[in-house]
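Here are some questions and answers for a reader who is new to this structure. Each answer ends on what was asked for.

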Amino acid sequence: MDLHSIGPLAWLIPTFTALAFVVIIGMIVTDRASKNAAWVAVAGIGASTLLALPTFLAALGSASGHGEGEAGGLAIAPFVKQWAWLPMGRDGALNLGIMVDPLSAAAVAMVTVVCTAIFVFASAYMEGEFNNYRDARTGLPDPRTGRNRYARFFAYVSLFATGMLGFVLSSNLLQALLFWEVMGLCSFLLIGFWNFKPSAAAAAKKAFLTTRVGDCFFFLGILGLYWVFGSVDYADMLSKAGIEKLHALAPFAVDIAGHVYAVPVIPLLALLVFGGSVGKSAMFPLHVWLPDAMEGPTPVSALIHAATMVSAGVFLVARMYPVFSAATPDHPGYISGPMFVVAALGAFTAILAATIAVAQYDIKRVLAYSTVSQLGFMVAALGIGAYVAAVFHLLTHAFFKALLFLGSGSVIHGMEHGMHHGQDGHGDGHGSGHGSGHDEQAAPYQPRRIGGVLAADPMDPQDMRNMGGLAGKMPWTFRTYVIGTAALTGIPLLAGFWSKDEILAEAFHKGVQSQIAIALIVYVLLTAAAFFTSFYMWRQVFMVYAGKPSTEMAAHAHESSPAMTGPLIFLSIFAALLGFVGVPEGLPGIGPALGNPFHHFVGALTASGSHFEALAFDWTPMLISTVVAFLGLGAAWWVYGRDPAAARARDPLARLGRLWALLNNKYNLDEVYGLVVTSNPRIHGEADVTEHDKTVAERLGKLIGLTDAFSRLNGQIDARLVDGAVNLAARLGEKFSRFNGLLDRYVVDGAVNLVAFAGLDLSRGLKLLQTGRVQQYALIVLFALLFLVGALVM
Amino acid sequence: MAMIPLWWYLMVAAGLFTIGLYGALVRKNAVSVLMGIELMLNAVNVNAVAFWRYVSPTAKAAAGADRPVGDFVVGMDGQVFAVVVIALAAAEAAVGLAMVIALYRSRRSFNLPQMDQLQG
C-alpha cells in the first residue's frame with residue numbers, strides 16, 4: 001500500500017483509543033459499566049493496530065523504494081499532514097498534525113501491538129477488581145463500585161494509549177508535549193489506581209511530581225527552540241536548513257553580576273529537552289518514581305515500564321537527535337557536549353539501576369530497576385551516536401519487558417489465588433481483590449529488618465522469597481518468562497541479544513578503535529551492567545520458579561486463564577524472533593541472508609541528511625557480551641540455582657552485609673530525597689517508615705549539614721521575619737475589627753434600637769383605644785359623628 | 001284631606017333608630033345587637049319613604065295627579081331606596097346570624113364583651 005493513500009488516515013490511530021476512552025466514561029456516568037468496558041478498550045486499540053500495521057508497512061515500502069543510494073525517500077521527506085491550530089505571529093502557526101517517518105512508523109507499530117497484548121491480559125487480570133471489590137473501610141462487598149473501577153481502569157489505559165500514539169505520531173514539539181502530559185496524567189491515575197492504599201497514593205504523587213520536574217525543562221527547551229526557529233514543527237527544526245540555522249547561531253550572552261558569559265545555544269536547548277527525557281525515562285537523578293510506580297496494577301506496570309511512557313523519553317531524544325548532534329563538526333567519531341552528558345548519564349543510570357536490581361525481593365521491583373537500567377542502555381547509545389542501535393533496543397525491549405511484566409502479573413495472580421486457596425472456610429475463596437493488602441483475618445505483619453534488609457511478609461504475593469516451585473504450577477508462564485529473561489539478558493539469537501549487542505558493538509568500536517574516552521567508559525559500564533542484568537534476571541527466575549514452594553501460597557498457585565497466557569505466548573514470539581530484523585549484515589551465515597532490514601529502514605532516518613552507516617561486523621564485542629551473559633547466568637545458578645529454597649530463606653548475598661543493605665535500600669537515595677527535596681520521609685512512597693529509615697535519615701542528615709544549616713537559617717528567617725510580618729498584620733487586623741465591632745454595636749445598632757423604642761413608647765397611649773370590643777368602637781364612631789355634626793352646625 | 005304631618009313620621013323613625021342604636025351599643029347578646037341594627041335600618045326606611053312622600057316633587061305631583069303616569073313611575077326613588085335597604089338588611093341578617101352561629105359553636109356563648117381577641 002502506498003503511504004500517500006493510507007498516511008492521511010494516520011490521525012485515526014490515536015483517535016480510536018480516544019473514542020474507546022469516551023465510550024467507557026459514558027458507560028460509567030450512565031451506570032452501565034460492565035465487563036464490556038474491557039472489550040471496548042480492546043476494540044479501540046485493536047482498531048488502532050489494524051490501521052497502524054498497514055501504515056508501518058507502507059512506510060517500509062516507501063522507505064526502501066528509493067534505494068540505498070538516495071538515503072531513503074521517507075527519511076528525507078517524512079509524510080506530514082497538519083492543520084493550523086492556533087495561527088500566530090507574522091506567518092507562523094501552532095499546528096496539530098501527524099508525521100510518519102521510519103522512527104514513528106516503527107514505534108507506532110510496536111506500541112499498538114504491545115498495548116493490544118496488554119489490554120487482553122488486563123481484561124482477565126482485573127477481574128478480581130470486578131468480582132470481589134470490597135469497600136476499603138467497611139470491608140463489605142461493593143459490586144457497583146467494583147464494576148465502575150474495572151471500567152475506569154480501561155478508560156485510563158485507553159487514554160494512556162492515546163497519549164503515547166499521539167506523542168509518537170505528532171508533527172511538532174508542542175503537540176508532543178500535550179500528549180506527553182496526557183501520559184503523565186494517566187500514569188498518575190493508574191499508579192494510584194488502588195488509591196485506598198496510602199503507599200499507592202504516595203507513589204502516584206511521587207511519579208507525577210518527579211516527572212513534572214523534567215517536564216519543566218522540556219517546556220523551556222520547546223520555548224527556546226521556538227525562539228530559534230519561530231516554529232515548533234519537526235519539519236522546520238530537523239531539516240537540513242534547520243540544522244544550518246542552529247549552526248549559524250551566535251552564543252547567547254548572559255550577564256550575571258557584571259560577568260558576561262557566552263552560553264552556547266545548541267547544547268543548552270538540547271539539554272533542556274533532554275531534561276524532559278530524564279523525567280519520563282527515569283534517568284538518574286529523576287529515576288526514583290519508576291520503582292514506586294509498581295504500586296499500580298501489573299498491566300499498568302507493563303504499559304508504563306515497557307511499551308509506552310518510559311520509551312517516550314528515549315523516543316524524544318531519538319526524535320531530536322539532529323539537535324543533539326548538531327554541535328558535532330564534520331568528522332566522524334566526535335561526541336558533542338550534550339551528547340557527552342546524555343551518554344554519561346545513561347551509562348551511569350544503567351549501572352546504578354542494575355546493581356540495585358540485584359538486591360531487590362519484590363518481583364516487580366526487580367523488573368522496574370531492570371527497566372531503568374535498560375533505558376540507560378538506550379540513552380547511552382544515543383549519547384555515543386549509536387542511533388539505530390538505541391531505537392532497535394527500544395523496540396525489542398518493549399516486547400520482552402512487556403512480556404516479563406505480564407509474566408510477573410500472572411505469577412502474582414497465581415500467588416493470590418494460592419493465598420485464598422490456603423485459607424479454608426474463607427467464604428467463596430476470594431479475598432478483597434488485588435492490591436487490597438493483607439486479609440484482615442491473617443496475623444498482622446510486623447515489618448522488621450534483618451541486617452538492614454526488610455524481612456519477607458509471609459502474606460505478600462509479590463515477594464520472591466515467598467515463591468518457588470512455580471515452574472510446574474504455571475508451565476506457560478514459566479516458559480514465556482524464561483524466553484523473556486533470555487531475551488533481556490542477551491542469550492544469543494533472542495531479540496535482546498541482537499539489540500544489546502549492537503549498542504555494545506558501537507560503544508566498543510568507538511571506544512576501543514576510535515579511542516573516544518566517553519565511548520570506552522560507556523562500553524565498560526554497559527558491559528558491567530549487562531553482567532548484572534543477566535545475574536539479577538536469572539536470580540529472579542531461580543527464586544520464583546525453581547525448587548520446592550517456600551510457602552503455602554506458592555504451593556497452591558495455579559496457571560492463569562488463557563486470556564492471560566495468550567498474550568504471554570504472543571509476546572514471547574516477538575521476544576524470541578524480533579531480533580532477526582536487525583542482525584548485522586557482516587555476520588557470516590545468516591547476516592547477508594537477512595540483510596539487516598531494520599538498519600536500512602531506520603538508519604537513514606533524519607531529514608537533516610545524516611546517514612548512519614552500519615558498522616563493519618566485529619566478532620570481539622559479540623563474543624564478550626555472550627560470555628558476559630552466560631557468566632551472569634552461571635553466577636546466578638551458582639548462588640541461587642543450586643539450592644533455591646535455602647536461597648529464598650536466607651539470601652546468600654546477604655553476607656555482603658552493609659553493602660547488601662545499601663543496595664537493597666537503593667543506595668538510600670529515597671532518604672536523601674526525603675531530606676533534601678521534600679524534608680518529609682513519609683513522602684517517598686513506602687508506607688513502612690521504620691526506625692531504621694529514621695536512623696538512616698539522621699545519619700545522612702549529618703552528612704549534609706550544609707543543607708541542614710541552610711534550612712535552619714531559612715527556618716529562622718521564616719519564623720522571625722516572615723511569620724512576624726504575618727502576625728503583625730493579623731494583630732492589626734484584629735484591633736481594627738474590634739474597633740469596628742464597637743462602632744457597630746453602639747452606634748449603628750443604637751440608632752436602630754432608638755427607632756424601635758420610640759415607636760413602642762408612642763404607641764403605648766394609642767394601644768388603650770384598641771380594646772377589641774366592637775361595641776366600643778361603634779360608640780366612638782357615634783361620638784365622633786356627633787362631634788362632627790355639632791362642629792358643622794356651629 | 002288633612003294629612004298626618006311629616007314630623008310625626010320623623011318622630012317615629014327617630015324613636016326606632018334610638019332604640020336600635022341603644023340595643024346595638026349596649027346589649028351584650030350578639031343576636032340582640034343584630035336586632036338593634038335591623039331596627040336602625042328600618043328607621044332609615046321609614047324616613048326614606050316619609051321624605052319621598054312629603055318632600056320629593058315627583059311624589060307631590062303624583063299625589064296631585066296632574067302629571068303623566070310615566071313620570072310617577074320614574075319618581076319612585078324613595079321606595080326604591082327602601083326596597084334596597086330591606087334587601088341589604090336581609091343579606092346582613094343572614095351573614096350576621098351565620099357569624100353568630102359560628103361564634104357560638106366555637107365559644108358556646110353569645111357574649112360580646114368576651115370577644116376581644118383583637119385587643120391591642
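Q: What distance does helix α17 of chain A reach from its first C-alpha to its last?
A: In this predicted model, helix α17 of chain A covers residues 337-358, which is 22 residues. At 1.5 Å a residue, a span of 32 Å is expected. The reach from first to last C-alpha is close to that value, at 32 Å.

Q: How many residues of α17(A) are buried?
A: A residue counts as buried under 20% relative accessible area. By that cut-off α17(A) is mostly covered. Of its 22 residues, the number buried is 17.

Q: How many disulfides are there over all chains?
A: A disulfide needs two cysteine sulfur atoms within 2.5 Å. For A:C115 the closest cysteine sulfur is that of A:C186, at 11 Å, so the pair is too far apart for a bond. Both cysteines are buried: A:C115 has 0% relative accessibility, and A:C186 has a relative accessible area of 0%. Over all chains, the disulfide count is zero.

Q: Is A:S370 buried or exposed?
A: A:S370 lies in helix α18 of chain A, which runs over residues 363-383. Its relative accessibility is 0%, and the cut-off for burial is under 20%. A:S370 therefore counts as buried.

Q: Which residues is A:S370 in contact with, leaving aside its neighbours within four places in sequence?
A: Contact here requires heavy atoms within 4.5 Å. With the neighbours within four places in sequence left aside, the residues in contact with A:S370 are A:A357, A:K401, A:L488 and A:Y536.

Terms used. Residues are numbered from 1 along each chain as its sequence is written. Chains are lettered from A and ligands numbered from 1 in the order in which they are written. This is a predicted model: local features need pLDDT of at least 70, side-chain atom pairs count only at pLDDT 80 or more; totals for chains, interfaces and linings use all residues. Side-chain values use heavy atoms; hydrogens and water are left out. Helices (H or I, at least four residues) and strands (E, at least two) are DSSP runs, numbered from the N terminus. The expected span of a helix is 1.5 Å times one less than its number of residues. Buried means under 20% relative accessible area, exposed over 50%, partly exposed in between (1.4 Å probe, protein chains only).
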